[in-house]
Amino acid sequence: VIITQDIEDRARKIGMQRTSLHNKTPSAKTGMNDDYDDDYLGALGEICFEEMYGYPVDEVDRIQGDDGTDFIIKCLHDDVISYHSVDIKTSSQKGESYDHLNLLVPIDKVESKIYVQAMYREHKRCIQLVGWETAQSVKKAPIKKKKKTNHEIKIPNLRPMSELEKKMLRG
């Protein structure tokens, strides 16, 4: 998905709403903060999912957060419709390759059934969904401690989006 001015403006608005809702303080130096950057990137990933699959971004202000659920999707398997929670995880990439990056899910926040990794490619001004995984697989993934303690799955090891698309009904 190419980041148009409308998409960028919408992501900034959603990011600012989420940052201010949780009383996160911007740095005096830049007027922004890491929390805003995370909220802005998260909104970009969610908008990408919306653009691709037709499920609307939840823009409701939730003081307690969304419990790791960005979307509820419908899937069809053996003529049975089921509903699954989806959490979009968005990373920013400056270069061409994302092989060195990982899907990161905090160990105490594996709450959704499905995790989708979105990649914001700054140099191309686009965002793409690069793979997905189930909560069951995330819980079995290696644990690494950086800023937070996360389950980590290397992006090349994620399931392809085409696999999820075959199961998912459009929103």
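Reply: A strand here is a DSSP run of E with at least two residues, and strands are numbered from the N terminus. In that sense Leu76 lies in strand β1, and the model in which it is placed is a predicted one. The protein chain has 4 helices and 8 strands, and read from the N terminus its elements follow the order α-α-β-β-β-β-β-α-β-β-α-β.

To stay with Leu76 for a moment, its relative accessible area is 38%, and because buried means under 20% and exposed means over 50%, this residue counts as partly exposed. Leu76 also belongs to a nonpolar patch on the surface, which it forms with Ile72, Ile81 and Tyr83 and which has about 400 Å² of accessible area in total. The elements that contribute two or more residues to this patch are β1, spanning 71–77, and β2, spanning 80–93.

Strand β5, residues 126–134, gives another picture, since 8 of its 9 residues are buried, and it is therefore largely enclosed by the rest of the structure. Its pairing with strand β4, residues 114–121, is antiparallel and runs over 8 bridges, and one of the paired positions joins Arg121 to Cys126 in β5. The two strands make a hairpin with 4 residues between them, and in the turn Arg125 has a positive phi of about 50°.

An open sheet is built from 3 strands in the order β3-β7-β6, with antiparallel pairing. The edges are held by β3 (102–106) and β6 (143–145), each of which has a single partner strand, so one side of each is left without a neighbour in the sheet. On average, neighbouring strands of this sheet are turned by 40° against each other when direction is ignored. Within the sheet, β6 is joined to β7, residues 149–154, by 3 bridges, the two strands running antiparallel, and Lys145 stands opposite Thr149 in β7. As a general point for reading such strands, in a regular strand the side chains alternate between the two faces of the sheet.

Some totals for the chain set these parts in context. Of its 171 residues, 42% count as buried, while the accessible surface comes to about 9,800 Å², with 51% of that belonging to carbon and sulfur atoms. Among contacts between residues at least 6 apart in sequence, 63% join residues at least 24 apart.

Definitions and conventions: Residues numbered from 1 in each chain as written. Predicted model: local features only at pLDDT ≥ 70, side-chain atom pairs only at ≥ 80, totals over all residues. Heavy atoms only, no water. Pairing = 2+ DSSP bridges. Axes fitted to C-alpha atoms, helices over the stretch in contact; angles between N-to-C directions. Patch = residues over 30% accessible without salt bridge, like charges linked within 9 Å, V, L, I, M, F, W, Y side chains within 5 Å. Areas by Shrake-Rupley, 256 points an atom, 1.4 Å probe, with all protein chains shown as cover. Salt bridge = Lys/Arg side-chain N within 4 Å of Asp/Glu carboxyl O. Buried < 20%, exposed > 50% of the residue type's maximum accessible area, 1.4 Å probe, protein only. Contact = heavy atoms within 4.5 Å.
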